[in-house]
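Please study the sequence and the structure shown below before reading on.

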Amino acid sequence: RNIKELDDLAKEKELVVQKAKDKLSTCQLRIKMLAKQLDYGVTEIEKEEEAGNVAALSCLQAMHRRLCTELQKEKDFELKIALALKENMLEMWQIETEQGKYEIYREQLKKHEEELEMQYQEQAEGRIWKEKIAALQAEENRQSRAKKQEKAQKEYEERHKKILEDAKRNHEKAVCFLRKSMARIHEKNAREEEKTQEHMERRIQAVLSLKTSITSNREKLQTLQVWRKARAFKAMKQEMKMREAILAEGGNVAKEILLHKRLLEHEKKRQASREQQKSRKIEIVSQILKEKASIHKQKRSQSCIKAVKGGAKLEDSLWRMRTWQYIEKTCKQSAGATSQLWCSPSAYSSAGERTASVGEDSEKTPHPVLCESGDEKERDESLVEPEFPGLWSQECDFHKISKEEMDPKQLATRVVKKDTFEKKVEAFQTGTSHKQIVPGHDYKGCGFYSKPSCIHFKDFDVGQIYKKKIFLINASYNVNSCRLVGVSEWLKDFISIHFVPPGKLSSGMSCETVVTFKPMRNETLEGEVMFMAQTGPFSVPLKCTAKRCILALDKELIDFGSHVVGETISRTINLTNSGALGTRFR
């Protein structure tokens, strides 16, 4: 009995698990369908936004919200089904372990069942012998019964003849009684017809009274229709005036309207293609710059290898020292140029969007300086490092070297190295940096990212002081360092930053910065805090939003539904101010 119960439980659990799997698969199919519908709804919303169809847009947005809620419900339901499936699988596995415990008893049970089967076969053979004897007796009984049936059949035929004769006599009597009853039914039908005619007259009178009420309501409807027709007539007049103006100019109305629509569509396509071309040009220029940087790097490494093979190690180091001194001189001479070139990272990002007016303003007011003289020293120390640090501190007077000591090989290497270092200086002054390459990885993107990603001062009061702390995390593959450049020009009077340079940071390490905001006027400000890393410039967006009132209704549509004429229906709506500033409304 226990083994049978365990088998039944195992079968039930298998059925439950199979049903749960089917439910899970249907739920997943439903989620996929809803996701496809969401994608289709998003594309339709974008189309309607471009077309400016507000009514269709609101309907599509409502459908999008409904699909989002359904998708969330389906996902919750999927989680529930998955949990139930896991529980049922665990129970099924427990039952299978229990079945394994009773395996010995199962074998014993099979032996007992085989013995019982043998006994049943012996009993069946004895039963078959008895049944054969019973069958012979039954055959004798059947023959005796057939004789009795023949006798009964003869008696039945005689009785049937008597019944037919009686039926004929009864039929004649029934015809007489039927004629009398039909006469009574006709009289009853005549009385009912009179009653129905009276009822119809009463209904006709009720319909006439209803008709009079309908005519009175129809007059009201006619007035409404007249008003609508007048509005339609005005619209038709305006359209006719437009058509007459086009006809007066001697053009085709339908053709002009179609041409106008097609021109608008063509302008949109042209604008989109221009934007695509601009983005493509920017990508091509960035790719070319990267390729140039890699080529320069390869040339530099090849020149170093050739110099080592030629046995001119001392001359190479001396010329390297001379080029680094040349870089120092050029950096000091072009300090004013670098302050203008090293502008904020936002200038790089929005360079394509600015127009000629920005150039006029830049002539009147100079760009924000990257840093003061103290920061320039830190920049030189952090960003301009030699390939061989041991030779950086040495000093050598290259003017004492006689012209006789200079070989043609040395002069050639001097020219090559001068070109390479001039390109380095240009890259240093323009703020470009080489990409980081680690075995198996090519790093792309900003060297640091901030947490939080945006510094946002919300609902501030004039005269108060607000502070926020951000963390700068090294997201590059190698050791990196950063320094503060400054804030946007229009935020310098309100924003102060406390930043202690952390030095070299390993990948994944972070440093903190405290941003202090002291508002002097009640208006919204936007800008960015600019930093410079060894991999290039980056910035953290900064927003200061004043207190404002944000009014919203809890319903987009007031629907009164179906109603009866003369009935009064009321609906309530809630107006909520979710902002920090109070306001009056009407």
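Two strands are said to pair if DSSP finds at least two bridges between them. Strands of a sheet pair through backbone hydrogen bonds, and the pairing may be parallel or antiparallel.

## Overall composition

The model is predicted. Its protein chain contains 10 helices and 12 strands. Of the 586 residues in the protein chain, 20% are buried. The chain exposes about 46,200 Å² of surface, and carbon and sulfur atoms supply 56% of that area.

Among contacts in the protein chain with a separation of 6 or more, 73% are between residues 24 or more positions apart.

Strand β4 pairs with β10 (residues 536-546) in the parallel sense, over 5 bridges. In this part of the sheet, F460 stands opposite A546 in β10.

## Residue E528

Strand β9 covers residues 525-533 and includes E528. Is E528 buried or exposed? Residue E528 counts as buried because its relative accessibility is 12%, and the cut-off for buried residues is under 20%. The side chain of E528 also forms a polar contact of 3.2 Å with the side chain of S539.

Note on methods:
Residues are numbered from 1 along each chain as its sequence is written. This is a predicted model: local features need pLDDT of at least 70, side-chain atom pairs count only at pLDDT 80 or more; totals for chains, interfaces and linings use all residues. Side-chain values use heavy atoms; hydrogens and water are left out. Helices (H or I, at least four residues) and strands (E, at least two) are DSSP runs, numbered from the N terminus. Buried means under 20% relative accessible area, exposed over 50%, partly exposed in between (1.4 Å probe, protein chains only). Contact means heavy atoms within 4.5 Å. Accessible areas come from the Shrake-Rupley method with a 1.4 Å probe; for residues, only the protein chains shown count as cover. A polar contact is a pair of N or O atoms within 3.5 Å; within protein, one must be able to donate a hydrogen and the other to accept it, and residues adjacent in sequence count only if both atoms are side-chain atoms.
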